[in-house]
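Here is a short briefing to read alongside the model. Have the sequence and the 3D view open as you go.

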Amino acid sequence: MFFTINFKKKMKKIYLLITGIITSLFSYSQNQLFIPTTITGTSVNLTIQDSSVQFYTGAITNTIGINGSILGPTLVLNQGDFVNFSVNNQLTESTTIHWHGLHVAPQNDGGPHTVINANSTWSPSFTILDKASTYWYHPHLHKYTDKHVSKGAAGLIIVKDSIEATLNLPRNYGVDDFPLVIQTKDFDASNQIMVHTNSDNIPMVNATIDPYLNVPSQVVRYRVLNGSSQRAFNLGLTNNQTFYQIASDGGLLPSPVSLTRLLLAPGERAEILVDFSGKNGQAIYLKSFASELPNGIYGATNPGMGAGMSLTGYNPNPLNGADFNLVKFIVGAQTSSPITTITSSLVTVNRIVESTSNITRTLTFSPASMGMNQLNGNFLINNTSFDHSVINYTIPFNNTEIWSLTNQSGIAHPFHIHDVQFNILTRNGVVPAANEMGRKDVVLVKPQETVRFIAKFETFANDTLPYMYHCHLLSHEDSGMMGQFVVSENMVDISEKNMNNEINVFPNPSNGIIYIQLKNNEVELNNILIINSLGELVYADITLDRGLIRLSGLKSGVYYIRVYQEGKQITKKLLVL
Ligand code: C2O
Ligand code: CU
Ligand code: CU
């Protein structure tokens with residue numbers, strides 16, 4: 001399977017010179033698509049290990065595998081099951097394993113704070129609360145996510161639930177229901193995987209280069225993950241055959257959405273149905289039609305919006321702005337009990353109603369430095385870079401929030417948030433397309449675009465251990481385009497025991513405008529809370545005014561001003577006349 005040697009690497013240089021013509025003249029060796037094994041049940045044992053794969057003639061490629069030489073097993077989990085995990089790190093360095101998209105407590109989330117040292121084991125256990133869909137797991141150690149994922153550490157999670165089980169859908173793994181983990185990689189001259197280069201010119205699916213897959217002539221389900229570090233794929237089939245998206249990141253859609261193209265950004269998943277009925281004997285390719293990508297998306301001809309904006313190492317690369325094959329489907333005989341029709345309806349999606357929101361948070365993405373070089377990062381969120389010790393937001397437990405994301409940089413960023421699935425409200429003020437109306441945990445925000453989503457922060461609260469939000473372009477994440485939030489139950493605790501004198505609040509009593517001064521001057525504006533005498537969160541306009549924090553617009557009453565500073569909670573009583 002993997003070990004089939006192919007010669008594409010040798011072609012790389014020629015490829016760059018004679019792009020286009022050569023792809024049609026040569027037919028490369030085709031390798032059977034690798035289908036990861038599955039782990040089912042309530043006990044999941046994973047071992048992360050250094051390994052190798054013979055991708056090319058000559059030197060073997062060093063990889064990281066999970067229970068194997070590259071990628072990891074597909075975990076098939078049932079909603080409602082309490083699952084015990086054991087994650088053993090056999091690497092010579094630390095890592096983490098994050099369950100991307102699953103709604104779990106922060107201590108089980110596997111983010112950058114939950115480090116698994118070399119030669120040690122992490123054993124979280126939790127109940128699977130999520131809806132049937134396709135999730136994934138991958139390392140999340142700060143600054144090393146790209147390295148670990150690119151070298152092969154990633155796997156899919158299939159969650160099943162009782163509603164999905166009643167639907168007329170293919171669900172026979174490896175028979176009519178297939179995982180497709182799409183990635184691109186950059187190999188150096190000694191066949192080693194490089195990261196942070198922008199020279200990812202080798203597409204692979206399930207860690208197989210030039211793959212083919214035998215499929216039956218009936219309705220087939222694909223669980224597609226864009227597991228690339230940076231590249232977006234504009235998926236479509238040769239012959240422009242219509243396919244149907246049935247699920248977005250965190251759940252099934254109300255009904256199948258018919259498509260001929262599907263833009264899938266890093267971190268995003270989609271489940272699609274393809275009807276191969278009557279196509280026995282045909283070969284149909286899944287391709288990325290990247291020639292159709294608008295500029296400003298990694299994978300397009302120009303990764304930036306502005307003319308002349310360049311990204312180091314991006315050109316030349318035969319994949320940028322070009323159409324290329326991902327996997328060849330060879331259609332064969334039907335299985336014994338085939339699905340032959342596309343079901344017309346799926347599930348009820350209860351979107352969160354916009355008017356239930358308690359707050360809108362505004363997040364702006366920008367390059368750390370302007371000019372032609374701005375695509376090379378770093379990128380900032382609200383002018384700040386990730387700081388392991390700073391909690392960027394404290395979210396009251398059970399809050400429903402709108403997050404408004406504005407991209408003021410020249411390149412599109414796939415924004416991802418842990419803990420929740422969200423509903424996209426608008427893209428530049430307009431309700432999104434049908435396939436973006438379901439449950440999502442990654443959303444691509446294009447240059448100059450504002451995307452608003454709504455989410456409820458429920459079930460888990462922890463005052464100190466945060467969840468992450470970040471760009472899922474792994475080089476951006478690694479270089480600090482990330483922040484963290486805690487969900488706090490104590491937000492509404494106004495007991496006097498927490499009072500202290502480390503903040504000055506004046507004038508007090510006040511007429512609705514107050515200033516806050518801290519003994520130690522560092523505090524994030526986002527970390528200021530105002531709680532009324534009922535213990536409810538109140539919002540005011542918060543601005544910085546000559547080094548002081550100014551709150552305005554408070555009605556008369558008793559309030560408690562709370563700030564979070566270096567992980568410590570400070571509360572002060574305030575009377576507004
Ligand atoms: Cu897929 Cu925070 O990650
Ligand atoms: Cu995640
Ligand atoms: Cu980004």
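Buried means under 20% relative accessible area, exposed over 50%, and partly exposed in between, using a 1.4 Å probe and protein chains only. This is a predicted model, in which local features need pLDDT of at least 70, side-chain atom pairs count only at pLDDT 80 or more, and totals for chains, interfaces and linings use all residues. Residues are numbered from 1 along each chain as its sequence is written, chains are lettered from A and ligands numbered from 1 in the order in which they are written, and side-chain values use heavy atoms, with hydrogens and water left out.

**The chain as a whole**
- The chain holds 5 helices and 42 strands (DSSP runs numbered from the N terminus: H or I of at least four residues for helices, E of at least two for strands).
- Buried residues make up 57% of the chain's 577 residues.

**Around R269**
- R269 sits in strand 22, which spans residues 269-275.
- R269 counts as buried because its relative accessibility is 2%.
- Its side chain makes polar contacts with the side chains of H100, at 3.2 Å, and D441, at 2.7 Å.
- A polar contact is a pair of N or O atoms within 3.5 Å; within protein, one must be able to donate a hydrogen and the other to accept it, and residues adjacent in sequence count only if both atoms are side-chain atoms.

- H98 is buried, at 1% relative accessible area, and H416 is buried at 1%.
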